[in-house]
Amino acid sequence: MDRSEIKSLIARRVAKELKDGDVINLGIGLPTMVANYIPHDMDITFHSENGFIGLGSVPESGMEDKDIVNAGGQFATVKKGGVFFDSAVSFGIIRGGHVDATVLGALQVDQEGNLANWMIPGKIVPGMGGAMDLVVGAKKVIVAMEHTAKGSPKILKKCSLPLTAAREVDLIVTEMGVIEVTKEGLVLKEINPEFTIDEIKSVTEAELIIPEDLKEMEI
Amino acid sequence: MNKVVTIDEAVSHIKDGMTVMVGGFLSCGTPHKLMDALVKNGVKNLTIICNDSGYPESGVGKLIVNRQVKTLYASHIGTNSETGRQMNSKELEVHLIPQGTLAERIRIAGAGLGGFLTPTGVGTIVEEGKQKIEIDGKVYLLELPLKADAALILGHKVDKKGNIAYRGATRNFNTIMATAADLVIVEAENLVEVGEIDQNDVVTPGLFIDYIAFGGEN
């Protein structure tokens, strides 16, 4: 698989986690692609933390509106029924548990469900934006990412980078499989049949629990 | 009382060393004419409170490129490489704050509250130096109000009393910043007579607004 195939596979699998009627916040990059795989008969409301719900598709060229951008600052559209609000209300929605799931990328995630995705000290310090609030506030936190960073593990025993939030991650979806964060540790729930368990273990620093009912990845 | 002034007159109230809130989210809803006038008049050593530092060529980012900012409070600086460069070379002091915490610190300042408890940042470097308080078994950080000498905001439709109606996603930090500074200046994209905005559509009441800066129709 090339990288674009990997990304769309991950996005397709994450889309299956969403339920009819959910309010969802998608992070920038790969997570944004999840919106492309929502079945048409499913009613999902996307929350854009800069101040609205009802985030729609990218506007056609020439139809951009300077007053409507997504949380990445790109031109966006708002669907019928969408609603605007200010940043205080937007983050009240987030912290108040009114967002059913947030999907984010990660630099590192560990077996306690800790997440690091906002800075590399001395290298990249873009700021946390809304990520810390989203990870703490959303009912379900889904990490959508490539399994490794050019071969080096990102799913660790313990994150070494500054955390975005402690013990908040619920599910990790990569091109190799689907991993649930449980009190006992990381459980490999689904495996992409293109890989073996040993292959996955060899690029995962954290302990992986392999359940008896390990399923083939739904894609 | 006449609140309507020119753009240049409005920014003449911003002096060296002031703490200034600027509305907008990645340049959307930013008072661009006020930013340009501040770049032109060259006021220095500002402390800026803003969601992000915009882009080098747009929004609050222009003030940073022009080295008018001494201290920045923001949630995100990744879209303006000059902010990172000045931060690394210690020319600019940057305080990164989670976006929801930044918004709420501004909101409570305007609402007369002394602090709030948030779960955001617990277990991260954001908790350093902050008081932790446990309520019903859950740990929160005590976050304090954030005020400013002045706030520069954008209104889509502003009447001559300063009542504001917004458009699209431009409310972001504008509504709350209007409440949290000693001097509040709204840049009016459209200036209308009192009564021309339906009372049901006013989001920011004019009582918060000191000056309406109007630079003509775009």
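B:Lys90 is located in the loop of chain B that runs between helix H4 (81-88) and strand S5 (93-96); helices (H or I, at least four residues) and strands (E, at least two) are DSSP runs, numbered from the N terminus. The model is predicted: local features need pLDDT of at least 70, side-chain atom pairs count only at pLDDT 80 or more, and totals for chains, interfaces and linings use all residues. Residues are numbered from 1 along each chain as its sequence is written, while chains are lettered from A and ligands numbered from 1 in the order in which they are written.

B:Lys90 is not a glycine, yet its phi is positive, near 65 degrees. B:Lys90 counts as exposed, with 7 C-beta neighbours inside 10 Å; a residue is exposed if 12 or fewer other C-beta atoms, placed from the backbone, lie within 10 Å of its own, buried if 20 or more do, and partly exposed in between. In chain A, the loop between strand S9 (148-149) and strand S10 (152-153) contains A:Lys150. A:Lys150, also a non-glycine residue, has a positive phi of about 50 degrees, and its 5 C-beta neighbours inside 10 Å class A:Lys150 as exposed.

In helix H2 (residues 87-95) of chain A, the buried residues are A:Ser87, A:Ala88, A:Ser90, A:Phe91, A:Ile94 and A:Arg95. These residues lie on the same side of H2(A) because they cover an arc of only 160 degrees around the axis, the arc being that of the directions from the helix axis to the C-beta atoms. An α-helix has 3.6 residues a turn, so residues three or four places apart point the same way. Just after H2(A), A:Gly97 adopts a positive phi of about 80 degrees.
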